[in-house]
There are 4 protein chains.
Amino acid sequence: MKRSIRQIQKDETREKLLSAAHIVFGQKGIMAARMSDIAEAAGVSHGTVFVHFKTQETLVAAVIDDFGIRMGQRTHDMARNSGSLRDVLKAHLEGIREDEAFYTQLVIETRSLPPIARETMISIQSAVSFHINQAAQREMDAGVIKPMSMALLFNTWIGLVHYYLTNRDLFSPEKSVIETCGSMLIDHFMHMISSAN
Amino acid sequence: MKRSIRQIQKDETREKLLSAAHIVFGQKGIMAARMSDIAEAAGVSHGTVFVHFKTQETLVAAVIDDFGIRMGQRTHDMARNSGSLRDVLKAHLEGIREDEAFYTQLVIETRSLPPIARETMISIQSAVSFHINQAAQREMDAGVIKPMSMALLFNTWIGLVHYYLTNRDLFSPEKSVIETCGSMLIDHFMHMISSAN
Amino acid sequence: MKRSIRQIQKDETREKLLSAAHIVFGQKGIMAARMSDIAEAAGVSHGTVFVHFKTQETLVAAVIDDFGIRMGQRTHDMARNSGSLRDVLKAHLEGIREDEAFYTQLVIETRSLPPIARETMISIQSAVSFHINQAAQREMDAGVIKPMSMALLFNTWIGLVHYYLTNRDLFSPEKSVIETCGSMLIDHFMHMISSAN
Amino acid sequence: MKRSIRQIQKDETREKLLSAAHIVFGQKGIMAARMSDIAEAAGVSHGTVFVHFKTQETLVAAVIDDFGIRMGQRTHDMARNSGSLRDVLKAHLEGIREDEAFYTQLVIETRSLPPIARETMISIQSAVSFHINQAAQREMDAGVIKPMSMALLFNTWIGLVHYYLTNRDLFSPEKSVIETCGSMLIDHFMHMISSAN
DNA sequence: TATGAATGAGTATTCATTCAT
DNA sequence: GATGAATGAATACTCATTCAT
């Protein structure tokens with residue numbers, strides 16, 4: 001069908017734009033990126049961006065939403081390979097690593113972005129926290145890790161990870177912080193909450 | 001001397017501007033605040049800002065520098081009341097609390113600010129870390145807290161604090177996060193690193 | 001012949017476009033209507049408009065031309081039912097009523113439209129004026145209406161009618177001004193130029 | 001005072017802008033004029049326009065308001081030299097003549113302008129109509145002019161005048177329609193409504 | 001011929017910075 | 001030194017027009 005050829009091409013352009021925006025947002029920052037930057041990165045004209053996304057906010061929301069869905073999927077997959085808390089943390093970092101630059105920008109800019117940003121972050125954290133808590137509770141019951149508030153355990157982990165992500169220049173200027181420091185963070189965190197010394 | 005009267009007035013205006021900027025930056029965000037907002041908050045004309053600070057960047061740098069000095073002073077005072085790690089953490093939070101809004105913005109925006117911002121943050125963290133490490137080392141040697149990398153211990157603490165600060169809307173929408181959650185954070189952190197269960 | 005089937009379809013699309021444009025122009029204004037509005041109203045794609053009318057100006061010109069021909073026809077028909085001046089005025093208003101919205105827009109926008117607009121208006125007015133003058137002259141000769149310049153008599157009538165059309169919001173916000181005020185305008189005009197008191 | 005020198009200069013710029021806009025609006029049309037056209041005509045930079053008028057609409061409203069006040073004043077002055085209906089019509093045309101181009105654009109564009117435009121037009125017409133009616137009533141009572149609805153008498157006059165104004169290209173392409181055709185219009189109108197033949 | 005995605009020129013508006021007073 | 005009006009570079013968004021399918 002003619003229809004589907006055109007439709008496919010349009011979808012491709014949309015994907016190119018979302019993908020380009022995802023990259024540019026990760027590099028320049030979400031609000032700092034100009035619409036024309038994204039057009040250029042996607043290899044289309046300035047006007048084309050507006051054919052697909054009526055406003056800048058719409059584009060930002062779409063990229064974030066896309067990202068949220070992807071992260072949700074990864075978090076869901078996490079469940080299967082569940083197992084130990086260590087496994088869950090590992091899976092969590094792995095999920096972040098695939099979108100490290102964008103995720104980091106989102107962490108930094110959430111408060112100056114449309115509400116969907118906050119909602120997406122919360123939704124991601126909720127899902128992750130669910131899995132972490134489950135595994136942690138198990139190990140806590142088994143006496144392997146210290147008794148403590150689940151919320152605080154989770155916030156400590158997230159705080160630690162976000163601190164490393166948002167200070168990549170200190171910890172891993174050249175490449176992915178997760179790759180460079182991930183295992184160390186897991187080891188450290190596990191050690192810290194472990195009931196053994 | 002006439003000179004000195006003028007000089008005094010000039011200094012006063014400069015102080016008014018720095019102080020106004022500090023407040024406005026804490027409210028609106030550092031880069032989101034317009035130069036005219038700061039002029040208005042300081043009760044001077046728009047043009048006056050540029051008499052004292054040639055560019056926006058200069059003003060931002062000056063405010064950050066000022067803040068850095070203030071924080072440095074507080075950190076230095078920390079030493080006297082040194083004592084236990086718990087005391088040091090308490091003093092640390094107390095030092096942040098006095099500039100909570102601005103400090104939080106600085107944490108969020110550091111990467112889109114002039115280099116002085118980063119340098120100031122690093123310098124503050126270095127000083128704080130020195131004291132924390134000292135106290136922590138003592139208690140670690142005494143077997144009160146688990147053996148672990150000093151750097152990781154510190155980064156965990158900073159990550160936790162920054163996570164709460166930058167998510168105030170979740171933890172304490174109405175008032176200071178430090179006031180609301182400070183003791184809880186200290187308790188949790190001490191518990192976590194303690195060698196006891 | 002295949003040819004003629006295609007040709008018929010093409011002509012149909014063209015007619016749909018002209019008709020849709022006529023309506024949309026009457027609603028939104030001629031220059032305020034977007035090409036895509038017209039495509040939508042005609043139930044064809046945006047690009048199709050340009051298959052039939054190379055530029056916006058061409059479309060506008062065609063719609064106006066179409067309208068001019070229709071008005072010319074009506075004016076010509078007027079002649080048959082000629083009779084009294086009152087009959088002619090009535091026929092004139094009747095002719096306008098059938099395209100009231102579009103005619104009103106044309107009156108308002110003529111000066112910012114392609115020259116054809118002006119030419120069409122002049123051509124319409126000339127034809128109308130011919131008939132009005134003829135009837136008026138007859139009644140003037142008969143002493144029924146005051147002696148006066150034919151041009152001024154005509155312009156007074158047109159001015160009056162256009163004033164009511166272009167201020168519909170004042171005189172008949174809900175429906176056709178001609179329907180609401182037409183007879184009144186004729187009565188008033190006839191009374192005014194009548195040689196009786 | 002320093003204050004007043006600056007204030008005077010600012011007011012001058014504002015006046016320059018209003019005056020330039022008034023002229024440019026009269027030439028290009030009110031909505032067709034770009035903000036940069038007005039800046040250029042006023043001899044200031046593009047940005048300066050926005051120092052004085054926050055938005056295009058604000059500028060348009062200010063120019064119209066200014067014009068309304070001027071017309072109101074003129075209409076008020078009309079009262080003194082009141083006398084006969086002929087005098088009032090003459091004064092009316094005289095009042096329009098001083099802003100002919102702008103008034104004409106306003107007549108044409110009213111419907112696509114901010115509400116103040118319509119309100120201003122109505123307010124002007126109301127004032128004019130008051131004076132015309134008063135004089136007309138007097139002469140009607142004296143039996144000099146035919147008995148007829150005041151509203152229709154007024155609308156006929158306004159319609160006639162607006163028709164000539166908005167078709168200047170037909171009646172006086174080179175110069176002011178009022179200058180060229182004013183007396184003729186008055187003579188014709190007086191003749192038409194006169195009870196004599 | 002019809003389609004509708006892509007194009008890019010055109011414009012209001014913001015805001016750091018300058019400079020005459 | 002203080003003032004605040006003027007400046008102009010920067011940028012999101014619109015819409016007639018083109019062109020590959």
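Visitor: Which residue has a polar backbone atom 3.3 Å from a base nitrogen of DNA strand E?
Guide: This is a predicted model, in which local features need pLDDT of at least 70, side-chain atom pairs count only at pLDDT 80 or more, and totals for chains, interfaces and linings use all residues. Residues are numbered from 1 along each chain as its sequence is written, chains are lettered from A and ligands numbered from 1 in the order in which they are written, and side-chain values use heavy atoms, with hydrogens and water left out. The residue with that backbone atom is Gly47(A).

Visitor: How many residues surround DNA strand E?
Guide: A residue is near a strand if one of its heavy atoms lies within 4 Å of it. Thr13(A) and His46(D) are among the closest. The total around DNA strand E is 36 residues.

Visitor: Of the atoms of DNA strand E within 4 Å of the protein, what share belongs to sugar or phosphate?
Guide: One phosphate oxygen lies 3.3 Å from a polar side-chain atom of Arg34(B). A phosphate oxygen also lies 2.6 Å from a backbone N or O atom of Gln56(B). Bases make up the rest, and the sugar or phosphate share is 65%.

Visitor: Which residue of chain C meets Arg118(D) in a salt bridge?
Guide: A salt bridge is a side-chain nitrogen of Lys or Arg within 4 Å of a carboxyl oxygen of Asp or Glu. The rule finds two across the interface of chain C and chain D. In one of them, at 2.3 Å from N to O, the partner of Arg118(D) is Asp169(C).

Definitions and conventions:
Polar contact = N/O pair within 3.5 Å; in protein donor to acceptor, adjacent residues only side chain to side chain.
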